[in-house]
Amino acid sequence: MIPGVDVDGWADLIGRESECARVATALAADRPIWVVGEPGIGKTTLVRAAVARSGRRLHEGAGIATLGPVPFHALPREISRESSGDAEQVAGDVERAVGPDVLFVDDAHWADHDSCRAIARLAGRVALVVASRHVPTGELREVPWVHIEIAEIDAASAASIARHILPSITSVRLARILDRAAGNPLLIEELVRDGNESPTMRRAMADRVAGLSPMEQRLLWLLVLAGKPIAVTRLPAGIDELTARSLVAVRAGEAQLRHAVLRDAIQPLIPADEQPALRRELARLVDDPLEIAGLLLDAGDPAEALDVAAPALAGATLARRAALLEILAASAPGATADTFRLDAARAYRDLGEDEAVARLMRQPIEGDPEARALRDALLGDALWSIGQGEAARRVLEQAPAAWPPATAGELELTCARARQLVFSGSPGAALNLLDEALATAGTLPSAYRTTTLRAAIALFLGRTGALEPLRGAWAAARAAGDEAAAGAAAQALHNALLCEAGASEAAAFAHREGERQYEIGLPARGTVLLTEAVQSYTFAGDITMALELGDRVLERAAPAVIRHRATLYLAHALTLAGRLDEAARVRRLLWAPFPNATQEADRLDEAAEAAYWEGRTRRCLELSAVAAMLPRQGELNRVLPALVRSWAQVDAGRQPDPVPPAGGWACLAGATAEADGLRALFDAPAGARDRFGEAAVRWAPFMAPREAVCLWAAGEAARRAGHADAPDLLRVALDRAEAMGFVPLAARVRRSLRLAGKPVGRPSGKRGRALPLTAREQQILDLVSEGLTNSEIARRMGLGRPTVAQALSRVMARLRVDSRAQAISAANVRPAPPIIVVDDQLGAPGILAEVRSRLIGSGWTVVEGFGRNAQRPAVLAGTVDNDQTAAAALLAALDGHGLLLLAACSADTAEQLLDDLGRVGPVTRHARPADTMEARPLRSEEWALLDLIARGHSVDEAACCLGMSSRTADRRLAQARAALGATTTAGAVGEASRRGWLPPPACA
């Protein structure tokens, strides 16, 4: 940050010291300055910082796209509002108003012709700075500007910005953001805060291609389709102009687009009829046979693609081999295509890319029985893995029986059927089937795959002795060079270590093997193992490592099912770490779509445990009751949620329900003793103490968090029984909880110590001195004064709820107050009039009436039309149906009025108006949910409620799943019924199902 400059958006100043010094030097000499750079590069903040350093006052104007026809709109509003006449007269008015201060015209590329003429006349008469995305044109070209081009910041500065915004950002995520943003500060901020660039930024990037010649445009399209650097010597002429416009970067003799956002914005603009020829031309510019074959195939030249791809198979890595085989399958004729397709599916299976396997194997294979059996096995397993269990069941039931298995393909089909039996709730039958298969086909070279599956099922049934067979199968697969099978065996071996050896050993093995799978080119299987390591680290009590690894896993590409599991594990670790708001934000990613009922139950279990540690006992019991009605797989998924429910029942003053038996699982050996302790806590605390102590010992190697809970419970039971050693037991529990970072439990232990008369001191924070608020903090406080909750403020500003909560904490510390109300009073907040935009859609009149009533009830004056009004500030209401009314509405907002708009104009006009209004102040938008269905009138919460009801849930259960009250659910359903024109909720579900937005109702 530049010393002595306190401006909002400081991040844009990192790495800009030389540019800032140049602007300051030119200002000191009153020379006109033209600052040019791409959108988001930091032009505006740079100028403001340089002027602030000079100590002079700044008068700001800006070109605005919506106001393009309005004369002199780019000049400062307090001057141009009353200006009329020719450019010389207006320039004189501006000169007198600015005097010795600085005039800054931002976004001059949108300035009207009259503004540009006035600006040209002001050069040399006032200290003038202009910022634009383009070089000056017309009369402005004649001005002797000091040209300052703002380029991308260096990697170190970019990393500093990202780390300041999010100190906990992982190296993997940071690298991805820096690669995508390519040194653009605003892009870095958007990607760090929201995970994606804003629509405004994408449109700004797309607008930059306007004005290119056809030759330059075609060259740009080639680079977009390439998606990688290409040697400048191979490209057609025109690269210099694209480089000058900062669209293309040339490094080490290779040209590529400046950043990925630019590529994503331009790609939809490439005409479809031009793409085949572009791909053929691009195929002549690259050297990689895989790329060439893919381009030729996409261009409609399968024969040429076949000729290129076939020789490239020799010596290819597994990932390249899979991609080449898929190209060959799409290029080859007849039965040869089926052979290639089957080989490609096996390669993708080995990579762990189940969605690709399912895509390739949906069509039948014509060939010998082994090929058909292998196709059915591959498709069945892939469908199970991506959550399409019913489709997998149909495939395997229709596959021709081949018993006993005599070929490798038939043995794999047997394994697939065994997995189906496990998923269908018959693991014992699956074990018998594999025992018989191994007795007859155990000498086949790939029998270690079957051995792995058999040991995994035995482990699932709670039988001991699975550890050694799995170690043997894993070693056999590695010795055979079958790394894909070794990865599958490693997954099962991790589970065995977790259940029989201990969580620490399991976590270390999964972490080590997962990284190795990445190194050898099997990233999908590596992600699965690292995901399991997240849970194991949590069980081992290393919550910090679980959080770090969970973030890394979610930043990597992974199938939806694996992402669901990783998200669930990360949310659980966040809950135990006491980062409950973050856990809730992560958990919201899990609500839909549910791949299957088991995963839905897992999500509800995690939410129930979070509610327990938040102290919301009733909520915990509601969630666990819904989860208990859903099917489960495995004792681990039954016993631990049952223990959480039992603790909530005890907190509610009720006898706990029985906990399911743990069977032969060593990792669940503490469950029975813990459940006994819970039942004894009411009547015999002394006996409960002993049972909890026993449970802690049994949990210790396998579940450190449960061990810590039982240590606390033993101390609490001793306290209730009046034992003198209760404080000592509680201190042991506190040390254990604090060592692993189990924050909610540590708080409960401290409470128990206070009740035992042995309070534990905590560091008391001192309030900082009163400090001025930043622009963002002031905006948040303005919204607080309007009565908005943290969640509503987060949605309004496009931030995360934790970010809003942290900002409010800083606000209260700066103002030295203890509550939101005191903060509003201390800051003397006068809320800005709201800007509200409603899409012209089904249900819009009702939304407008509701918003109007709410505004009037809040004390705002609502006036029809966008003309100037003497009563200020007021909320002006009306319909924007063309460019003229859009300009009038924007002018009213610039004059300080609020807006209640019905956007009935074209999509381009509406989006541009929203962008421009966003520069005036925060905009609330009532719009269609982002969806492929253009006419879909449902909001996300309405859709979610109807979706759950369609799956068979009651209204109360659906509300519970989504974390809302029954009253809120009824209100959302009423809005959904109105939007769909239905009189009943069942009718709304039926209508949404008829339109294809929901699955058919469960009753159907």
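In the predicted model, helix α27 (residues 523-539) packs against helix α28 (residues 543-554) at an angle of about 155°, with the two axes 8 Å apart. Axes are lines fitted to C-alpha atoms, for helices over the stretch in contact, and angles run from 0 to 180 degrees between N-to-C directions. The angle therefore makes α27 roughly antiparallel to α28 (over 145 degrees). The crossing of α27 and α28 is left-handed, that is, the near helix is turned anticlockwise from the far one by less than a right angle. Helices (H or I, at least four residues) and strands (E, at least two) are DSSP runs, numbered from the N terminus.

On the α27 side, T527, L530, T531, A533, V534, Y537 and T538 meet I543, M545, A546, L549, G550 and V553 of α28 (contact: heavy atoms within 4.5 Å). Nine of the residues in this contact are nonpolar, four are polar and none is charged (Ala, Val, Leu, Ile, Met, Phe, Trp, Tyr, Cys and Pro count as nonpolar, Asp, Glu, Lys and Arg as charged, and the others, Gly among them, as polar).

An open sheet of three strands has the order β6-β8-β7, with antiparallel pairing (at least two DSSP bridges between two strands). β6 (230-231) and β7 (248-251) are the edge strands, each with a single partner, so one side of each has no neighbour in the sheet. β6 is joined to β8 (residues 254-257) by two bridges, and A231 stands opposite E254 in β8. Helix α10 (residues 214-226) lies across β6, β7 and β8 and runs at about 85° to β8.

Residues are numbered from 1 along each chain as its sequence is written, and side-chain values use heavy atoms, with hydrogens and water left out. As the model is predicted, local features need pLDDT of at least 70 and side-chain atom pairs count only at pLDDT 80 or more, whereas totals for chains, interfaces and linings use all residues.

Definitions and conventions:
Parallel < 35°, antiparallel > 145°, perpendicular 65-115°, else oblique.
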